[in-house]
Amino acid sequence: MTVIIGIDPGSRRTGYGVIRIEGNRHIHLASGFIDVAAYPVCERLRKIYLGVQEVIQSWCPHEAAVEQVFMHENPNSALKLGQARGAAIVALDIPVSEYSARQVKKSVVGHGAAKKEQVQFMVQRLLNITGRMQPDAADALAVALCHAHARGLRKLGLEFG
């Protein structure tokens, strides 16, 4: 039994999702987001760090997966996103794997150009979640599922990509 935390970093909201792998089953344990929009930038990074640490302490995951930063049109936005991502990674203190947004979408939906709504729908189906999901939490769960699929392929000696 392995517990995985997925992180969808954001400078305003950082999503998290925790799943447990039992054989071929993926079980939803927790998901949500750390809302830091009301804080100044430096305080946001501290709040992300503390929020991720709180999730880690609550669920004791064995592995983590984080979405990579993709280049925005605005370099300042990419920089802020990278800082938020760094704060989350430092808080994890467990093995971390990184996946591109395209890899996550391809793993969960079947194609790398899937829309957010498609990702949310598939996350709910794959994890048997009913009701409306918050987008950042759904994205973080998608990152965790992507890692679960990738590690399964690696165990079989296959390449993930």
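Which residue in strand 2 is the bridge partner of Asp 8? The partner of Asp 8 is Gly 15.

The model is predicted: local features need pLDDT of at least 70, side-chain atom pairs count only at pLDDT 80 or more, and totals for chains, interfaces and linings use all residues. Residues are numbered from 1 along each chain as its sequence is written, and side-chain values use heavy atoms, with hydrogens and water left out.

Strands (E, at least two residues) and helices (H or I, at least four) are DSSP runs numbered from the N terminus. Two strands pair if DSSP finds at least two bridges between them. The 5 strands form an open sheet in the order 3-2-1-4-5, with mixed pairing. Strand 3 (25–35) and strand 5 (96–99) are the edge strands, each pairing on one side only.

| Strands | Sense | Bridges |
|---|---|---|
| Strand 1 and strand 2 (13–22) | antiparallel | 7 bridges |
| Strand 1 and strand 4 | parallel | 4 bridges |
| Strand 4 (63–67) and strand 5 | parallel | 4 bridges |

Strand 1 and strand 2 form a hairpin with 4 residues between them. Ile 7 has Val 66 in strand 4 as its bridge partner, and Glu 67 stands opposite Tyr 99 in strand 5.

Helix 2 (residues 75–92) lies across strand 1 (2–8), strand 4 and strand 5.

Conventions
Contact means heavy atoms within 4.5 Å. Axes are lines fitted to C-alpha atoms, for helices over the stretch in contact, and angles run from 0 to 180 degrees between N-to-C directions.
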